[in-house]
Amino acid sequence: MDAYQNVGIRRRMARFFRRDGRALIFAMDHGFEHGPTDFEEHWEHVNPRIILRKVIRAGVDGVMMLPGLARIAGDELRPNVGLMIKLTSKTELRPKDDQLLQSQLGFVEDAVKLGADAIAATVYWGSPAEDVMMRQFAEIASYAHDLGFPVVQFAYPRGPYINERYGKKEDYRVVMYGARAAVESGADMIKTYWTGSRETFAKVVEAAAGVPVLLSGGAKTEKPVDFLKLVWEVIEAGGAGAVVGRNIFQRENPEPFIKALIKVVHRNEDPEEAAKAEGLL
Ligand SMILES: O=C(COP(=O)(O)O)[C@@H](O)[C@H](O)[C@H](O)COP(=O)(O)O
């Protein structure tokens with residue numbers, strides 16, 4: 001039984017990662033997690049079918065969504081594009097004190113029915129609600145692994161004691177701690193924050209002990225090349241790629257930007273050269 005599960009996990013992982021062990025994944029859970037205002041810069045992208053067509057045409061390796069968007073637009077995905085379904089979230093409408101919890105909004109069975117290739121869940125390490133999220137993750141991971149599905153942890157340290165002890169959640173010691181906690185809790189992929197330098201991000205990658213570490217994109221950079229440079233540093237640090245939302249859907253024309261990102265992630269191309277080649281400089 002164990003051997004079957006492992007083959008299932010490996011085969012499904014390969015739907016995201018190319019032979020180089022890297023992946024560029026498009027993230028679209030912002031309408032829930034941040035609110036639809038995230039789409040106001042290019043409002044047509046609030047329609048999942050419109051943006052999914054663009055990102056898939058441009059060549060992303062995978063897409064991450066909550067179950068409801070997968071239900072209404074998952075049929076846009078071509079068979080060679082991995083589908084990651086995230087089963088936890090929170091809205092920004094919650095009272096501030098409750099925003100350090102991600103609640104479960106779907107079940108492994110739903111993700112399987114929707115054709116998922118991987119199941120994701122967030123843990124806010126250091127949150128007063130860490131215990132709840134650890135249990136959610138354990139339940140999701142245990143069942144998903146039984147069925148042969150890889151599990152992605154959005155390992156996001158955030159909480160009052162982190163600020164008191166380390167000053168900020170992006171301190172590499174904090175990010176590294178979250179990544180290690182993700183590994184030790186059974187994650188097959190990790191999505192986490194940038195630590196500010198290649199050297200410190202390389203330590204996060206090392207602490208993950210072979211489990212692929214993906215950058216969580218973050219707010220849109222004004223110049224596209226600045227985001228390409230950031231992703232280049234991630235790759236140079238041994239990162240496995242990036243999960244990117246706003247830097248894609250908040251651009252009027254995301255396709256050349258994605259093509260440049262693919263050159264950086266999969267071909268180690270210099271970010272300025274990649275930007276020039278795609279008309280972004
Ligand atoms: O993890 C998320 C939110 O994180 P946040 O609480 O904004 O730090 C997701 O909503 C996004 O999928 C993730 O941030 C990737 O999207 P971008 O950051 O690239 O927009």
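Predicted model: local features only at pLDDT ≥ 70, side-chain atom pairs only at ≥ 80, totals over all residues.
A polar atom in the side chain of His30 is placed 2.8 Å from an oxygen atom of the ligand. Gly218 takes part through its backbone, where an N or O atom lies 2.7 Å from a ligand oxygen atom. Ser216 contributes a side-chain N or O atom, which is 3.4 Å from an oxygen atom of the ligand. On its own, the ligand has 470 Å² of accessible area, and the protein covers 91% of it.

The description now turns to a pair of helices. Helix H3 spans residues 48-58, and helix H12 spans residues 254-267. Their axes come within 9 Å and cross at roughly 35°, and the crossing is right-handed. On the side of H3, the contact is made by Ile51, Lys54, Val55, Arg57 and Ala58. H12 supplies Pro254, Glu255, Ile258, Lys259 and Ile262. Of the residues in this contact, six are nonpolar and four are charged, while none is polar.

Notes
Residues numbered from 1 in each chain as written. Heavy atoms only, no water. Axes fitted to C-alpha atoms, helices over the stretch in contact; angles between N-to-C directions. Helix = DSSP H or I, 4+ residues; strand = E, 2+ residues; numbered from the N terminus. Left-handed = near helix turned anticlockwise from the far one by under 90°. Contact = heavy atoms within 4.5 Å. Nonpolar A, V, L, I, M, F, W, Y, C, P; charged D, E, K, R; others polar. Polar contact = N/O pair within 3.5 Å; in protein donor to acceptor, adjacent residues only side chain to side chain. Areas by Shrake-Rupley, 256 points an atom, 1.4 Å probe, with all protein chains shown as cover.
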